[in-house]
Amino acid sequence: MRKKLVVGNWKMNMTRAEALACVEGLIPLVEHATINNPHVEVGICPPYLAIDAVSHMLRGTKVAVGAQDVFWKESGAFTGRVSPQMIQEAGCTMCIVGHSETRGRFGKLEVDASTLGYFAETDETVNLKILCLIYHSITPILCVGETLAEREAGRTDSVIAAQLKGALKGIDGSEYTSGVVAYEPVWAIGTGQTCDTAEAERVCGMIRSVLAEVFDEDTAQEIRIQYGGSVKASNARDLFSQPNIDGGLVGGASLNPNEFGEIVRAAS
Ligand code: PGA
């Protein structure tokens, strides 16, 4: 049986002091929400500079810590980048990769088009990051998802299949059984517009079929597939009760300990 996994992605929010205050509030709520349910795992991904302090505070609790991104080299002249060893040393056991925001794909565009190239991550860089994370035994959370234009053009499934195949190239199924995929429709991220539950389940089922094609059926059945995009306490239970949705990747709602605690409860 696949365990549910609820992960908060704090994005570029929270100073170190704010992060610690949030985590302090979160610990008892998560303990309470999961007390009778060992089948739920919880993680949070703070900004890099808060990871060390947050993981120190979370030591001995049920909440794991992850990074929001990583670079694929061990060390060297890569100004501004952070290596897998660095995030691991700071306490990370998981890492988000290929988030639509690092791919430069936004639901509501808030950056000037001229700076978009800065974000432009490709399936190749996502693949390199996953290979490196696996090598370091850090769980990758691979994000895939279509933009509104792609959905309206009927390209949802083909865009996602291509993202999966590109990101998982050269990886053996046995190396990805503890890996995670997050289905995050770009148009649903930070917009308040959640994907309809039936459609989210359909796409997560389609993702599982592509994983069976890339790896094999047994591996596809083991991999957790999360839904992400305006998950909140009010819609989490419905989403997480679907057979192919194994939890959520939660952005905005994870910044509020009470709301996030309720979302964890919905997974329990
Ligand atoms: P959101 O973000 O919950 O604020 O929509 C989700 C994500 O980007 O992972």
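This is a predicted model: local features need pLDDT of at least 70, side-chain atom pairs count only at pLDDT 80 or more; totals for chains, interfaces and linings use all residues.
Figure 1

**Figure 2. Strand β1 pairs with strand β2.** β1 covers residues 4–9 and β2 covers residues 40–45. Six bridges join the two strands in the parallel sense. Val6 has Val42 of β2 as its bridge partner.

**Figure 3. Strand β3 pairs with β2 and with β4.** β3 spans residues 63–67. Four of its five residues are buried, and the strand is mostly covered. Three bridges join β3 to β2, and the two strands run parallel. Across this pairing, Val42 stands opposite Val63 in β3. Val42 is also the bridge partner of Val6. Two bridges join β3 to β4, again in parallel. There, Ala67 stands opposite Cys95 in β4. In a regular strand, side chains alternate between the two faces of the sheet.

**Figure 4. Strand β5 is largely enclosed by the rest of the structure.** β5 runs from residue 139 to residue 144. Five of its six residues are buried, so the strand is largely enclosed. Strand β4, residues 94–97, pairs with β5 in the parallel sense over four bridges. Val97 stands opposite Leu142 in β5. Strand β6, residues 180–183, is joined to β5 by four bridges. β5 and β6 run parallel. The bridge partner of Val144 in β6 is Tyr183.

**Figure 5. Helix α2 has buried residues covered by α1, β2 and β3, among others.** α2 spans residues 48–58. Its buried residues are Ala50, Ile51, Ala53, Val54, Ser55 and Leu58. An α-helix has 3.6 residues a turn, so residues three or four places apart point the same way. The cover over the buried residues includes α1 (16–34), β2 and β3. Just after the helix comes Gly60, with a positive phi of about 85 degrees.

**Figure 6. Helices α1 and α12 pack roughly parallel to each other.** Their axes are 9 Å apart, and the packing angle is about 20 degrees. Angles under 35 degrees count as roughly parallel, so α1 and α12 are assigned to that class. α1 passes α12 in a right-handed crossing. On the α1 side, the contact uses Cys22, Gly25, Leu26, Leu29, Ala33 and Thr34. These meet Pro257, Asn258, Phe260, Gly261, Val264 and Arg265 in α12. By class, the contact has seven nonpolar, four polar and one charged residue.

Figure 7. α7 covers residues 156–167 and α9 covers residues 197–214. The two axes come within 10 Å and cross at roughly 40 degrees. α7 passes α9 in a right-handed crossing. From α7, the contact draws on Thr156, Asp157, Ile160, Ala161, Leu164 and Lys165. Their counterparts in α9 are Arg202, Val203, Met206, Ile207, Val210, Leu211, Glu213 and Val214. The residues of this contact divide into nine nonpolar, one polar and four charged.

**Figure 8. Met14 and Ser137 have positive phi.** Most residues other than glycine have a negative phi. Met14 is not a glycine, yet its phi is positive, at about 85 degrees. Met14 is found in the loop between β1 and α1. Ser137 is not a glycine either, and its positive phi is about 55 degrees. The loop that holds Ser137 lies between α5 (123–135) and β5. Ser137 is exposed, with a relative accessible area of 62%. The cut-off for exposed is over 50%.

Note on methods
Residues are numbered from 1 along each chain as its sequence is written. Side-chain values use heavy atoms; hydrogens and water are left out. Two strands pair if DSSP finds at least two bridges between them. Axes are lines fitted to C-alpha atoms, for helices over the stretch in contact, and angles run from 0 to 180 degrees between N-to-C directions. A crossing is left-handed if the near helix is turned anticlockwise from the far one by less than a right angle, and right-handed if clockwise. Contact means heavy atoms within 4.5 Å. Ala, Val, Leu, Ile, Met, Phe, Trp, Tyr, Cys and Pro count as nonpolar, Asp, Glu, Lys and Arg as charged, and the others, Gly among them, as polar. Buried means under 20% relative accessible area, exposed over 50%, partly exposed in between (1.4 Å probe, protein chains only). Angles under 35 degrees count as roughly parallel, over 145 as roughly antiparallel, 65 to 115 as roughly perpendicular and the rest as oblique.
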